[in-house]
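Subject: Structure for you to look at

Hello,

Here is the structure I said I would pass on. Please open it and keep it in view while you read the notes below.

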Amino acid sequence: MPALLAAAWALLSAAFLALLLLHRAQARRPGVRTDVASAFFQDLIRYGKTKRGGGQQASWLRRLQVPKRWFTHFYVVSILWNGFLLLRLFQAEFLGASLPPWVQIFHGAFSTDLQKENTADSERFSALLVLLLLWLHSFQRLAECLYTSVFSNGVIHIVQYCFGIGYYIAVGSTVLCQVPTNVRNGEELSVQILWYHIVGIVMYIWASLHQHRCLVILANLRKSKSGKVLSLNHSIPFGDWFERVSCPHYFAELLIYISMAITFGFHNVTWWFVVMYVFFNQALAAVLCHEFYQEKFTSYPKHRKAFVPFIF
Ligand SMILES: NC(=O)c1ccc[n+]([C@@H]2O[C@H](COP(=O)([O-])OP(=O)(O)OC[C@H]3O[C@@H](n4cnc5c(N)ncnc54)[C@H](OP(=O)(O)O)[C@@H]3O)[C@@H](O)[C@H]2O)c1
């Protein structure tokens, strides 16, 4: 059933594309935003600074919100779950251990079948590398949530919160399922470092550095030179990739997932659907953020795009 996994990610990408198109359609007809369904829709797609209403929001909607700083929980779950998968996969590939039976059942159901003998080892190694990159990314994000970012009292919808937790479990499990099921009769994995592993890792490091720099720029908007938090307001960020787009940290996130597709050797269709999901998910968030800046600041730089430099 490997095609089912790819189809699930494709469906999720399509859902976020539909949300983006629906939002654009609503934005062109502002009058329709006042009904309950539209208010609920906007409440569901927005979070943090782009969430509207504040005190005027219906109390039943307010009851469905949790603090945005709980983003931290996503990365704790990801470090634990994906760390567990990484450890067990490493033990299976290099120490001859077997995966836990319940992981084997899941893996058997969703992973690809026998690969050509000569490519199976490189595919196994690619999957191990991508799982490591995903784990490191979660680790970086957790550290940023705890030590870099300055959160305000922004909120996220409980549905977004549960979705975020489920996402990090699903994404690591998807990487695991890219390990071919063929048995090597207990033989150790022969490590083959290929050119696309190097390109993928270099791109991952480059994108992660920029993502971190952009998050530092956002945090510094709220701090004095000595590092003291002065305000929790939202202001216009400048510097690094902010000169080109409103949400360079979302663009960097997309590049990080593309770097993983490269590490897989470009041909992993399931992972390209994951990339597509990240594209539409982050595009929606970036468009809302861009609109927020344009509405709030009359002096907002006109040349800045929302998400992808020079494009949109
Ligand atoms: N892979 C995925 O599916 C996925 C999904 C979501 C996010 N992410 C990643 O997670 C990272 C964080 O995302 P996010 O949506 O939380 O980013 P964000 O809304 O820009 O917030 C990042 C931090 O900067 C603060 N901030 C934002 N704009 C500011 C401004 N104009 N002035 C001062 N402070 C500001 C926020 O405070 P507040 O508390 O006020 O918001 C928060 O502490 C991103 O790199 C994103 O790519 C990934």
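Of the 312 residues of the protein, 30% count as buried. Please keep in mind that this is a predicted model.

Overall layout

The protein is built from ten helices and two strands. Read from the N terminus, its elements come in the order α-α-α-β-α-α-α-β-α-α-α-α. The radius of gyration is 21 Å, close to the 20 Å that the globule rule gives for 312 residues, so the protein is as compact as a globular protein of that length. The C-alpha trace spans about 65 × 45 × 35 Å along its principal axes.

How do contacts in the protein between residues at least 6 apart in sequence divide up? Of these contacts, 83% join residues at least 24 apart.

The ligand

Around the ligand there are 24 residues, and the closest are Gly48, Ser149, Ser152, His249 and Glu253. Which of the elements gives the most? That is H10, with four residues. Sorted by class, the shell has ten nonpolar, ten polar and four charged residues.

Helix H9

Is H9 mostly covered or mostly open? It is mostly covered, as 13 of its 16 residues are buried. Just after H9 comes Gly265, which takes a positive phi of about 95°.

Leu134 is found in helix H6, which runs over residues 117-148. Is Leu134 buried or exposed? There are 23 other C-beta atoms within 10 Å of its own, and a residue counts as buried from 20 or more, so Leu134 is buried. Leaving out residues up to four places away in sequence, Leu134 touches Asn82, Val171, Gly172 and Val175.

Regards

Definitions and conventions. Residues numbered from 1 in each chain as written. Predicted model: local features only at pLDDT ≥ 70, side-chain atom pairs only at ≥ 80, totals over all residues. Buried ≥ 20, exposed ≤ 12 C-beta atoms within 10 Å, placed from the backbone. Contact = placed C-beta atoms within 7 Å. Near = placed C-beta within 6 Å. Nonpolar A, V, L, I, M, F, W, Y, C, P; charged D, E, K, R; others polar. Rg over C-alpha atoms; globule rule 2.2 N^0.38 Å.
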